[in-house]
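Morning, everyone. Let me put the sequence and the structure up, and then we'll walk through one chain.

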Amino acid sequence: MLSGLNSHLPAEIGKRCQMHKKFLRSYESLEAIYEFTEKILASRDVAQSVRFPVHFAMEELFTNMVKYNPDNSNDILLDVETDDNGITVSLTDFDVDAFDVTTSREVDINAPLEQRKVGGLGLHLIQKMVDTLKYEYSDRQSTVTFTKASGQDHVSD
Amino acid sequence: MFQIDFGRDGEIVCSGRLDAAQCEKAQSFLDSVDGMRVVDFSKLEYISSAGLGVLLKTQKRLSENGYKLKIINVNNHIHDVFRYSGFHVIFEIEATQR
């Protein structure tokens with residue numbers, strides 16, 4: 001298992017907790033990302049119904065960064081923050097071209113099997129599952145930030 | 001940790017987390033199956049869009065010979081991922097019994 005780089009211990013101020021860590025640009029980092037995030041979510045007693053979409057969005061955004069810039073040697077920075085209102089997650093990719101993940105994705109979810117193509121669902125699903133999704137690009141640095149409210153769930157119970 | 005194997009009655013049993021790093025393992029297993037198949041998700045906690053791609057590719061291959069996958073014991077969160085993806089249209093899906 002690959003471990004993240006430049007790990008920082010939780011910074012807890014009042015009821016706010018923040019952790020950040022850099023991860024190698026590889027699908028093999030997904031387990032370490034899950035463990036890193038789960039640790040902070042579990043410590044804050046975040047409901048499973050909220051954890052699932054957080055892990056989902058995090059993986060989709062991270063794997064997108066890996067997929068579209070496979071030769072980039074920079075690690076990807078992950079920042080997770082929790083407070084009474086919910087969870088805020090940012091992923092930052094360095095020295096990359098712009099790729100706005102917030103633009104709407106045309107997906108025909110009613111298409112029959114023979115017309116379906118593998119791929120292209122990830123960003124569509126993120127937009128369904130998180131509360132806010134923001135994209136910033138400056139100095140060849142891409143940052144995607146999403147939020148998910150505590151106790152609020154787009155996924156049915 | 002993701003695992004995929006045959007159950008006692010020939011069903012396909014998945015467990016753990018099916019993320020992008022585990023798709024090669026899942027696809028390799030599913031490429032070897034044929035006929036009508038039941039896939040038991042009772043121990044599968046999580047699936048990403050990459051995992052959906054594995055299921056879709058398998059369903060398309062099986063459908064060429066008139067076969068398909070039926071997915072059973074799907075937890076609420078994965079069921080919603082299926083619903084948002086329209087997979088409930090192209091797969092027979094049974095949610096976890098409550």
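Start at C14(B), which lies in strand β2 of chain B. Helices (H or I, at least four residues) and strands (E, at least two) are DSSP runs, numbered from the N terminus. This is a predicted model: local features need pLDDT of at least 70, side-chain atom pairs count only at pLDDT 80 or more, and totals for chains, interfaces and linings use all residues. Residues are numbered from 1 along each chain as its sequence is written, while chains are lettered from A and ligands numbered from 1 in the order in which they are written.

Is C14(B) buried or exposed? It is buried, because 26 other C-beta atoms lie within 10 Å. Buried means 20 or more such atoms within 10 Å, exposed means 12 or fewer, and partly exposed is in between, with C-beta atoms placed from the backbone.

Who touches C14(B)? Leaving aside neighbours within four places in sequence, its contacts are I4(B), V39(B), D40(B), F41(B), K43(B) and L44(B). Contact means that C-beta atoms, placed from the backbone, lie within 7 Å. E45(B) is 31 residues away from C14(B) in sequence, and 9.3 Å away in space, C-alpha to C-alpha.

Now the sheet. Its 5 strands in chain B run in the order β1-β2-β3-β4-β5, open, with mixed pairing. β1 (3–6) and β5 (92–95) of chain B are at the edges with a single partner strand each, so one side of each has no neighbour in the sheet. On average, neighbouring strands are turned by 20° against each other, direction ignored. Two strands pair if DSSP finds at least two bridges between them. β4 (residues 69–74) and β5 of chain B pair in the parallel sense, over 3 bridges. There, V74(B) stands opposite A95(B) of β5(B).

Next, the helices. α2 (residues 49–63) of chain B lies across β2 (12–18), β3 (37–47) and β4, at about 145° to β4(B). Axes are lines fitted to C-alpha atoms, for helices over the stretch in contact, and angles run from 0 to 180 degrees between N-to-C directions.

α3 (residues 76–85) of chain B is largely enclosed by the rest of the structure, because 7 of its 10 residues are buried. Among them are H77(B), H79(B) and F82(B). Just after α3(B), G86(B) takes a positive phi of about 75°.

Last, the partner. 23 residues of chain B are in contact with 24 residues of chain A. Which element of chain B gives the most to that side? α2(B), with 9 residues.

Notes
Two residues are in contact if their C-beta atoms, placed from the backbone, lie within 7 Å.
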